[in-house]
Amino acid sequence: MNDSIFDPQKYSNTRLPIEEASPLPAEVYTSRQWYDKEMETIFLKEWLQVTRLEEIPNVGDYVRIDIAGEPLIVIRGEDDVVRTLSAVCRHRAAELASGNGNCKVLVCPYHAWSYSLKGQLIGTPSMEEAKCFDKSEYNLPGFRTEIWAGFVFVNFDNNAMPLLECLGNLPKRFADYNMQDMVVTRKWENRFNANWKIWVENSREGYHVRTVHRESLDTYYPGAVNSKFDAEGKPGVYAINSSDNENGLYVPRNKTLPFVQGLSEYDQERTHFMVFYPHLLMNLPPDRITFHQYFPEGPEWTRIVTWCCFPKATVELEEFEREAEEKYYPPMALFIKEDKDICEVVHRGIASRYARPSRYSPREEQTVYEFSNYVLDHGIGPIET
Ligand code: FES
Ligand SMILES: [Fe+2]
């Protein structure tokens with residue numbers, strides 16, 4: 001075994017069949033070197049969900065976000081096309097905007113260079129004497145932007161497979177949910193003092209629900225059963241089924257808001273849990289969608305944005321606000337806090353010099369095992385056969 005943190009030998013126990021395998025060693029969660037490798041091999045290569053279309057409905061609407069240390073602006077052009085541009089001014093690199101907003105042109109707050117909604121440099125005050133200065137050489141870089149069911153995704157890699165190909169037959173499987181007709185009604189933003197993978201692993205298993213969420217989710221649904229749906233694209237998808245016909249983990253027992261029209265009986269009885277690596281975790285109960293985006297901010301911090309979207313028809317109901325505020329949002333806020341607290345506890349434990357990987361529960365942690373191996377596939381390369 002050599003000293004390199006990327007020596008595959010170091011991870012051979014995680015590569016074993018799950019009945020024999022160990023979780024990832026601590027340094028995968030704590031080392032800056034490993035983190036940088038993940039940014040390079042995962043976040044700069046895969047489709048990342050950046051916003052929803054209804055967040056930028058009009059020409060000139062934009063959202064500023066940072067992913068993998070890159071300031072980006074997602075903006076709707078005069079041609080109605082949604083683009084993702086670098087938000088770094090081509091003059092002396094000031095960030096061009098913050099938050100959400102609307103503009104006719106993007107004007108840099110530093111020296112007022114301005115850019116069209118397509119990112120072309122159009123205004124450069126006091127540059128008349130600059131020799132051989134051709135504005136057209138200083139447009140904002142743009143990144144591939146593709147859309148599925150109202151979700152806007154970006155990819156930094158020009159050679160990446162198209163989004164819909166990566167999604168396999170998932171769009172068809174979830175077509176009945178009409179997610180493109182849903183609208184975001186609530187968002188929660190949190191910053192966790194934990195590595196992003198601790199959050200993903202926590203979100204991928206139901207093992208912790210009966211302990212960590214006994215005050216929130218488990219009051220809806222005691223006992224989760226996993227079943228897998230293979231989307232045949234890039235994502236890993238699984239369902240947690242309701243054993244007691246309570247419509248899955250996410251629907252309050254005293255639910256009053258209607259289910260999405262036209263769902264099969266099977267879907268009405270379940271909450272599906274879908275992950276599209278590396279950046280989107282989505283929950284599909286029969287009445288709405290909730291999803292989490294996570295933004296790694298160094299090995300020890302993760303910013304998580306949680307969204308709740310309901311069908312437009314539901315939002316128009318007279319009782320919507322009251323029901324959502326009383327029965328839907330408070331348990332969401334509570335379970336995010338429960339997950340935040342436990343993830344931070346785990347991160348502190350992992351940093352201990354006595355932390356050693358043990359074993360997975362084959363029954364409960366198959367999805368965590370799969371994710372750990374996804375991380376290794378990118379960090380050290382796939383298993384050689
Ligand atoms: S840095 Fe943007 S105009 Fe100077
Ligand atoms: Fe949880």
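**Close-up views of a predicted model**

**View 1. Strand S4 and its neighbours.** In S4, Val82 is the bridge partner of Arg76. Strand S3 (residues 70-76) and S4 pair in the antiparallel sense over five bridges, where pairing requires that DSSP finds at least two bridges between two strands, and strands are DSSP runs (E, at least two residues) numbered, like helices (H or I, at least four), from the N terminus. The hairpin formed by S3 and S4 has five residues between the strands, and Asp80 in the turn has a positive phi of about 70°. S4 is also joined to strand S9 (residues 142-148) by two bridges, in an antiparallel arrangement, with Leu85 standing opposite Gly142.

**View 2. The buried side of helix H3.** In H3 (residues 32-43), the buried residues are Trp34, Tyr35, Glu38, Ile42 and Phe43; a residue is buried if 20 or more other C-beta atoms, placed from the backbone, lie within 10 Å of its own, exposed if 12 or fewer, and partly exposed in between. They lie on the same side of H3 because they cover an arc of only 105° around the axis, the arc being that of the directions from the helix axis to the C-beta atoms. The face turned away from this buried side carries the exposed residues Arg32 and Gln33.

**Model and numbering.** This is a predicted model, in which local features need pLDDT of at least 70 and side-chain atom pairs count only at pLDDT 80 or more, whereas totals for chains, interfaces and linings use all residues. Residues are numbered from 1 along each chain as its sequence is written, while chains are lettered from A and ligands numbered from 1 in the order in which they are written.
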